Amino acid sequence: MAHFPQTAASQHMYAARAGRYNNSWHFPYAERLARIANPRPGQRILDLCCGTGLELFLLAEALNEEGTSDDSGVVIGVDVTAEMLAVAADRLSARPELANRVRLLRHDATHLETLVTADPFKLLEKHSFDTIVCSNAFVLFDDPDAVVASWREYLKRPVYVAARTHPDESHRGYESQNDYCSTHHREPGGKLVVDIPHEAAQRGGLTMERVARRMGLRFPSNRSWVTSVDSMRNVLERNGYHVEHIVELDHVSGHGATHITPDRVDELYESMTKSPAFSAMVAGAGPGVEMATVIRHGRPIFREELAKAADRDGRVLVSDTMYVYVARLAH
């Protein structure tokens, strides 16, 4: 059975969400993630899968030091969905003070090396970024290892800086060059800030992904590899990153941890069948696959898969946590 490729599935799903994306839990979450990214004036930041620009504009605002005319920093937003970028572009047109600090490019964030015609000014120079941010998108990718490995090429490399100092900093008027000594310190290079949902978060989508796999369909997410907080750490470390710290952000949607009770399973399934993700799954299956047929056949599988996560009372935990990872190149 033919399926949408990952990029086409994402575009189908987010094109339908673009107009209302900013009116969701993503907006307050973006503020929390931007604080973790901790941008500094003058930095170059790459915001991958930037969508409507929720993090992008917050990062850009921090690049100009208050009280100065320094406008040298830039945030480059990359996204594959035209409708999401159109919202970001409209927001940018209403923020002329950010015009010199924001650039928007339409491209697949998993294949930055092919971005040529969309980047005539060579904004994506390799090893030039202080920070790369990817928020609420990483579990869409088919091959997590290949993606983070490719992003390494765009972060600033760590460097060792040599300096000549005198052991006695209070001493002045040195007579001999031999009085000096050489010291070295390591500049850490650029950092990657990336998030994934907790393994028990967003249960509807997680369960539907398993349903799709059993039905030979492709749901537009890939969370099968996420089993704990260490899952993303392992991906990063085996691809040459050092994870500096992990932040667990709770109450992401504002509801906190909840439970799905047996009487709410069908309600959850019905809500999932009306989602853009479900629509993308069916559309991606090609002609001859009918929505009503998929809904009918998927219902008992959904119940079965969700029951696998239930406790002895039949309740299924739904986490409201995102894991955020801050990592740098290991060498």
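Colleague: How many strands form the open sheet, and in what order?

Modeller: Seven strands form it, in the order 3-2-1-4-7-11-8, with mixed pairing. Strand 3 and strand 8 (241-249) stand at the edges with a single partner strand each, so one side of each has no neighbour in the sheet. On average, neighbouring strands here are turned by 20° against each other, direction ignored. This is a predicted model: local features need pLDDT of at least 70, side-chain atom pairs count only at pLDDT 80 or more, and totals for chains, interfaces and linings use all residues. Residues are numbered from 1 along each chain as its sequence is written, and side-chain values use heavy atoms, leaving out hydrogens and water.

Colleague: What counts as a strand, and what counts as a pair?

Modeller: Strands (E, at least two residues) and helices (H or I, at least four) are DSSP runs, numbered from the N terminus. Two strands pair if DSSP finds at least two bridges between them. Strands of a sheet pair through backbone hydrogen bonds, either parallel or antiparallel.

Colleague: In which sense does strand 1 pair with strand 2?

Modeller: Parallel, over five bridges; strand 2 is residues 74-79. Leu48 has Val78 as its bridge partner in strand 2. Strand 1 also pairs with strand 4 in the parallel sense, over four bridges. There, Asp47 has Val133 as its bridge partner.

Colleague: Why is strand 1 largely enclosed?

Modeller: Buried means under 20% relative accessible area, exposed over 50%, partly exposed in between (1.4 Å probe, protein chains only). Four of the five residues of strand 1 (residues 44-48) are buried, so the rest of the structure largely encloses it.

Colleague: In which sense do strand 7 and strand 11 pair?

Modeller: Antiparallel, over seven bridges, between residues 191-197 and residues 322-329. Val194 stands opposite Tyr325 in strand 11.

Colleague: Which strands does helix 4 lie across?

Modeller: Angles run from 0 to 180 degrees between N-to-C directions; axes are lines fitted to C-alpha atoms, for helices over the stretch in contact. Contact means heavy atoms within 4.5 Å. Helix 4 (residues 82-93) lies across strand 2 and strand 3, at about 160° to strand 3. Helix 2 (residues 26-37) lies across strand 4, strand 7, strand 8 and strand 11, at about 145° to strand 7.

Colleague: Where is Asp108, and what does its side chain join?

Modeller: Asp108 is in the loop between strand 3 (102-106) and strand 4 (131-134). A polar contact of 2.8 Å joins its side chain to that of Thr110. Such a contact is a pair of N or O atoms within 3.5 Å; within protein, one must be able to donate a hydrogen and the other to accept it, and residues adjacent in sequence count only if both atoms are side-chain atoms. Beyond its neighbours within four places in sequence, Asp108 is in contact with Thr7 and Val80.
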